Amino acid sequence: MEVPTTNPAVPPQPPPSHHALREVLWLFLRLGFTAFGGPAAHIAMMREEVVRRRHWISDERFVDLIGVTNLIPGPSSTELAIYLGYLRAGWPGLLVAGVCFIGPAMLIVLALAWAYVTYGALPQIGWLFYGIQPVVVAIVAQAIWNLGRTIFKGPLAVGLALVVLVCYFLGVNVLILLFGGAALYGVLRLLISRKRTKTPVVSVAVPLLATNLRADLQPLIARLGAGAVAAAPPSV
């Protein structure tokens, strides 16, 4: 008789399909060549593609991924692209998304650097680079506006964002603002949810204590019952 080596209740994960891998390849290759404007614009374009058009993940999960990638050192948009590729096509998707998103940008930067060093002294090229700046600012502003409408749900998030922004301009460390703001927002959300449900700590603790007390007393009650049965005189 053969002993199964895997848990039958948990089906094995199927390997990523070639269709999903092709989707990851073409999407992030196109974003690698066309996603200008920095991480904010990159993230907005990814949200448009993977949430609205392709429906790979929900909007709420996408926002959670933005928060997670911002807690990791490094460019958040690149980390987000790599993780989205992993969610869609597993480990092969992780590698393909990373290479396709980073590779084109690296080649474009090399070409622009060569053009700037070679022709940067020409007046026409100088005006061209000056003209790119307002276009990039407009792209970033539009991306931030779209992301803001998704993330800032309610006055609590807006108020905390304004406080963090003021503290940033006052010179407070970015890491303190990042982790401290996240912790403060979580505590405030917890307090507000408890206030709305009006569930005090005692009402939660009493059932737990009662359950534990019943579990502790049950063996004692069983022993007392068995002793009472043994001590009872036999019936005629």
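**Notebook: aromatic pairs**

I noted that Tyr-83 and Tyr-86 are three residues apart in helix H4, so about one helical turn separates them. Helices here are DSSP runs (H or I, at least four residues), numbered from the N terminus.

I recorded that the model is predicted, with local features needing pLDDT of at least 70 and side-chain atom pairs counting only at pLDDT 80 or more, whereas totals for chains, interfaces and linings use all residues. Residues are numbered from 1 along each chain as its sequence is written, and side-chain values use heavy atoms, without hydrogens and water.

I then looked up ring pairs: rings of Phe, Tyr and Trp (its six-membered ring) pair if their centres lie within 6.5 Å, and planes under 30 degrees apart count as stacked, over 60 as edge-to-face and the rest as tilted.

I checked accessibility next (buried: under 20% relative accessible area; exposed: over 50%; partly exposed: in between; 1.4 Å probe, protein chains only). Phe-28 is buried at 0%, and Phe-101 is buried at 6%.

I returned to Tyr-83 and Tyr-86, which form a tilted pair with 6.0 Å centre to centre and 35° between the planes. Tyr-83 is partly exposed at 34%, and Tyr-86 is partly exposed at 29%. I also found that ring pairs link Tyr-83, Tyr-86 and Trp-91 into a cluster.

Definitions and conventions. Helix = DSSP H or I, 4+ residues; strand = E, 2+ residues; numbered from the N terminus.
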